[in-house]
Amino acid sequence: MSAYAGYSKTSYGAQGGDDSGGFFAGGSQPGSQGGKSYQDESLRPVTVKQILEADEAFSGADFKIDNTAITQITFVGQVRNINPQPTNVTLKIDDGTGQIEVKKWIDADKADDGNADQYELDSYVRVWGRLKSFSNKRHVGAHVIRPVTDFNEVNYHLLEATYVHLYLTRGPLGQDGAANGGGESMFVDGGAYGGNANGGGSGQMLSKVSGCGPLAKRMFNFMNGTPGMNEGVHLNVISSSTGMSVRDVLAAADELLGQGLIYTTVDDETWAILEC
């Protein structure tokens with residue numbers, strides 16, 4: 001990403017298995033499917049939080065992120081659960097901003113397509129696919145799932161997703177204002193761009209905490225006031241320090257994880273606050 005415009009492809013092959021192209025600033029790839037024209041059929045790098053919060057005007061409508069219709073998406077995350085079925089393999093993917101189910105339908109003509117052993121728990125993978133909704137529950141229908149062999153790809157993807165988000169919401173670098181009328185963060189609510197780096201993100205984070213239950217608030221306040229915990233705070237430390245039971249800590253952690261306020265670090269029982 002040498003400049004904040006004119007993006008086409010990535011160094012890690014995020015443009016897709018069939019060289020389907022990436023996000024093009026100000027460009028489009030017209031096409032038709034059943035008489036329906038797409039303004040932009042390009043591939044969009046996203047975070048799970050963006051997927052979960054994508055706008056759907058009505059059931060069956062195109063999903064929109066940053067007020068822009070999305071068709072194909074790609075993201076990187078850790079495999080948290082593997083559920084093989086006769087017709088598909090369902091993975092739960094966590095990228096630190098949220099979790100979502102990814103379904104890879106089995107192609108009977110491909111010998112290894114339905115082999116769940118090719119996926120490892122807690123390993124990083126890159127997913128290409130389309131966002132779908134069934135019975136008001138969202139999932140990603142995957143075209144391709146491949147392992148991440150270079151951890152730099154994880155960081156690169158987040159930078160790439162940030163790049164596209166800022167281009168669509170703030171315009172090219174050096175321009176003020178929002179390109180599509182939306183300036184929401186793609187990670188946790190808040191963050192700054194341009195001249196708005198005066199702690200607005202922290203205020204919005206506290207606003208999200210205020211909407212949590214009392215147990216989640218107590219856990220968050222304890223973690224927020226515990227310095228020097230670069231690797232996060234373990235379940236037992238939170239329980240003994242706050243007087244909360246293990247069950248209460250786990251319930252509070254689930255609520256804070258769902259709000260995108262904390263994330264797991266060295267294991268599933270150690271958490272850190274996701275900074276704005």
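What is the orientation of helix 4 and helix 5 to each other?

Analyst: Helix 4 and helix 5 are roughly perpendicular to each other, a term that covers angles of 65 to 115 degrees, with under 35 counted as roughly parallel, over 145 as roughly antiparallel and the rest as oblique. The structure is a predicted model, in which local features need pLDDT of at least 70 and side-chain atom pairs count only at pLDDT 80 or more, whereas totals for chains, interfaces and linings use all residues. Residues are numbered from 1 along each chain as its sequence is written, and side-chain values use heavy atoms, with hydrogens and water left out.

Helix 4 spans residues 214–224 and helix 5 spans residues 235–242. Helices (H or I, at least four residues) and strands (E, at least two) are DSSP runs numbered from the N terminus. The packing angle of helix 4 and helix 5 is about 105°, and their axes are 11 Å apart. Axes are lines fitted to C-alpha atoms, for helices over the stretch in contact, and angles run from 0 to 180 degrees between N-to-C directions.

On the side of helix 4, the contact (heavy atoms within 4.5 Å) is made by Arg218, Met219, Phe222 and Met223. Helix 5 contributes Val237, Ile238, Ser241 and Thr242 to the contact with helix 4. By class, the residues of this contact are five nonpolar, two polar and one charged; Ala, Val, Leu, Ile, Met, Phe, Trp, Tyr, Cys and Pro count as nonpolar, Asp, Glu, Lys and Arg as charged, and the others, Gly among them, as polar.

Helix 5 also packs with helix 6, and the axes of these two helices come within 9 Å and cross at roughly 115°. That angle makes helix 5 roughly perpendicular to helix 6.

From helix 6 the picture extends to a sheet. Helix 6, residues 246–258, lies across strand 13 and strand 14 and runs at about 110° to strand 13. These strands belong to an open sheet of three strands in the order 12-14-13, with antiparallel pairing. Strand 12 (233–234) and strand 13 (262–264) are at the edges with a single partner strand each, so one side of each has no neighbour in the sheet. Pairing requires at least two bridges found by DSSP between two strands; strand 13 and strand 14 (residues 270–273) are joined by three and run antiparallel. Within that pair, Tyr263 has Ala272 of strand 14 as its bridge partner.

Elsewhere in the chain, strand 11 (residues 137–147) is joined to strand 9 (residues 99–105) by three bridges in the parallel sense, with Val140 of strand 11 as the bridge partner of Val102. Strand 10 (residues 124–134) is joined to strand 11 by 10 bridges, and these two strands run antiparallel. Lys137 of strand 11 is the bridge partner of Phe134. The hairpin of strand 10 and strand 11 has two residues between the strands, and Ser135 takes a positive phi near 55° there. Ser135 is exposed, with a relative accessible area of 59%; exposed means over 50%, buried under 20% and partly exposed in between, with a 1.4 Å probe and protein chains only.

Asn67 also has a positive phi, near 65°, in a residue other than glycine. Asn67 lies in the loop between strand 5 and strand 6 and is partly exposed, with a relative accessible area of 48%. Strand 5 (residues 63–65) pairs with strand 6 in the antiparallel sense over two bridges, and Lys64 stands opposite Ala69 of strand 6. The open sheet here has three strands in the order 4-5-6 with antiparallel pairing, and its edge strands, strand 4 (55–56) and strand 6 (68–69), each pair on one side only.

For the chain as a whole, there are six helices and 14 strands, and 42% of the 276 residues are buried. Of the contacts between residues at least 6 apart in sequence, 56% join residues at least 24 apart.
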